[in-house]
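Take a moment with the sequence and the model before reading on. The text below starts at the ligands and then turns to the helices.

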Amino acid sequence: MKRALITGITGQDGSYLTELLLAKGYTIYGIVRRSSSLTRTRLEHIYGARHFEREKLYLEYGDMTDGSSLRTIITRVAPDEIYNLAAQSHVRVSFDTPEYTVDVADVGTLRLLEAARDYQKQAGKTVRYYQASSSEMFGSTPPPQSETTPFHPRSPYAIAKVAGYWHTVNYREAYGMHCSNGILFNHESERRGENFVTRKITLAAGRIKVGLQKELYLGNLDAKRDWGYAKDYVEAMWLMLQEDKPDDYVVATGESRSIREFLDASFGLLGLNWQDYVKIDQFYMRPSEVDFLLGNATKAQEKLGWRPKVSFSEMVKIMTEYDLDLAERELHAKKFSRS
Ligand code: NAP
Ligand code: G4F
């Protein structure tokens with residue numbers, strides 16, 4: 001049975017990838033960093049459970065800023081596949097914490113690749129490596145964006161991801177390692193972090209609907225994104241590592257919509273007019289913005305046989321209904337605590 005090591009296992013994609021690999025019979029080792037409160041809510045249904053899957057998921061303390069922890073874990077775990085999903089992944093926050101963002105996503109990637117290379121040499125076995133690269137790397141280059149589109153990154157986050165991309169290509173070319181980049185366009189879900197725009201909108205729509213919130217403060221509503229569903233996208237990660245030859249792939253839906261269109265879709269589902277609630281706050285504007293992302297995933301479709309299964313409107317419905325349910329439960333808990 002295969003063993004997979006996942007960095008960023010507690011994040012949105014880490015949790016879906018864990019479910020996918022467990023279903024395929026893998027034993028999984030996830031790297032978690034120490035924090036003052038546990039950040040494992042997305043894994044609770046697996047890690048907290050006393051059933052078979054619990055036996056095949058192990059969490060190891062480590063950090064992308066600590067190369068010695070990465071080396072120790074790789075040697076102990078002896079993985080067949082490594083999925084590097086860890087990052088300070090919030091673009092606007094990367095302007096506030098540029099050095100840390102680069103340390104985790106750029107230098108951290110290098111630390112992990114070096115540890116994997118040393119392990120390969122010592123163990124005499126091939127490790128397959130997946131790098132979570134991003135459509136943010138295209139930045140201001142006009143759409144549609146594919147594997148051959150030049151990068152023009154517009155944030156410390158995007159620059160760190162460009163460096164991580166090239167480290168990955170370099171380990172493939174210099175050392176013949178099985179290293180692949182997934183250049184994933186935005187992908188969302190009911191597990192998306194609460195301060196990314198889609199989840200911020202669906203959470204607010206639910207809370208406004210039940211009367212728990214009156215306003216929603218946002219930044220630039222004109223930016224356009226190619227939004228897919230996260231569960232579909234982790235499948236592309238796995239498919240890349242099953243190929244004989246490592247390569248780089250764009251993963252996207254080929255459709256792009258503005259923040260206004262996302263607002264229309266989510267608030268519309270709940271019979272609300274978003275213009276009555278949304279206010280613009282300069283705080284959420286970025287020093288330099290990425291205006292228009294639209295991916296061309298022809299290569300992933302043709303070589304990997306990958307296609308998105310969940311449409312934009314289905315995804316908005318899943319997220320909006322999930323967050324309406326959360327809001328209703330919050331309201332119920334408030335009423336109950338007063339009675
Ligand atoms: P996410 O929800 O923000 O998860 C990020 C993960 O990285 C979390 O598990 C986080 O741990 C971990 N992490 C952060 N700093 C770390 C450190 N110093 N050491 C170890 N782990 C650390 O991100 P996501 O949406 O799942 O995305 C997964 C990856 O794909 C990221 O690299 C992201 O940049 C990239 N990506 C995402 C998208 C997208 O649309 N979602 C698109 C393209 C690329 P904590 O739980 O402790 O914070
Ligand atoms: O949801 P966002 O923060 O995602 P962004 O910046 O596109 O980055 C995400 O996708 C990347 C892939 O392209 C990943 F690499 C990255 O890790 C992350 O997952 O913002 C989307 C758009 C931006 O144009 C932003 O300016 O929404 C705009 N926006 C408007 N108001 C807002 C807000 N974004 C956030 N987070 N919060 C707002 O209030």
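Around ligand 2, the shell residues split into 10 nonpolar, eight polar and six charged. This is a predicted model, so keep that in mind throughout. The shell of ligand 2 holds 24 residues, and S134, S135, Y157, R286 and E289 come nearest.

S89 takes part through its backbone instead, where an N or O atom lies 2.7 Å from an oxygen atom of ligand 2. Alone, ligand 2 would expose 710 Å², and the protein buries 96% of that. Two elements give two or more residues each to this shell: α7 and β8, the latter spanning 216–218.

Now move to ligand 1.

Which residue places a polar side-chain atom 2.5 Å from an oxygen atom of ligand 1? Y157 does. Backbone atoms contribute as well. A polar backbone atom of D13 is 2.8 Å from an oxygen atom of ligand 1. For H187, a backbone N or O atom lies 2.9 Å from an oxygen atom of the ligand. Taken alone, ligand 1 exposes 900 Å², of which the protein buries 90%.

Start with α1, which meets helix α8 (residues 230–242) at an angle of about 65°, their axes 9 Å apart. The crossing of α1 past α8 is right-handed. On the α1 side the contact uses Q12, D13, Y16, L17, L20 and L21; on the α8 side it uses A230, K231, V234, E235, M237 and W238. Eight of these contact residues are nonpolar, one is polar and three are charged. Note D13: it belongs to this helix contact, and its backbone has a polar contact with ligand 1.

Next comes α5. Helix α3 (residues 67–77) and α5 have axes that come within 9 Å and cross at roughly 35°. This crossing is right-handed. From α3, the contact takes in G67, L70, R71, I74 and T75. From α5, it takes in G108, R111, L112, E114, A115, A116, D118 and Y119. The classes here are six nonpolar, three polar and four charged residues.

The last pair brings back α7, one of the elements in the shell of ligand 2. Helix α7 (residues 197–209) and helix α9 (residues 259–269) have axes that come within 10 Å and cross at roughly 35°. Here too, α7 passes α9 in a right-handed crossing. V197, T198, I201, T202, A205 and I208 make the contact from α7, facing I259, F262, L263, S266 and F267 of α9. Eight residues of this contact are nonpolar, three are polar and none is charged.

Note on methods. Residues are numbered from 1 along each chain as its sequence is written. Chains are lettered from A and ligands numbered from 1 in the order in which they are written. This is a predicted model: local features need pLDDT of at least 70, side-chain atom pairs count only at pLDDT 80 or more; totals for chains, interfaces and linings use all residues. Side-chain values use heavy atoms; hydrogens and water are left out. Axes are lines fitted to C-alpha atoms, for helices over the stretch in contact, and angles run from 0 to 180 degrees between N-to-C directions. Helices (H or I, at least four residues) and strands (E, at least two) are DSSP runs, numbered from the N terminus. A crossing is left-handed if the near helix is turned anticlockwise from the far one by less than a right angle, and right-handed if clockwise. Contact means heavy atoms within 4.5 Å. Ala, Val, Leu, Ile, Met, Phe, Trp, Tyr, Cys and Pro count as nonpolar, Asp, Glu, Lys and Arg as charged, and the others, Gly among them, as polar. A polar contact is a pair of N or O atoms within 3.5 Å; within protein, one must be able to donate a hydrogen and the other to accept it, and residues adjacent in sequence count only if both atoms are side-chain atoms. Accessible areas come from the Shrake-Rupley method with a 1.4 Å probe; for residues, only the protein chains shown count as cover. A residue is near a molecule or strand if one of its heavy atoms lies within 4 Å of it.
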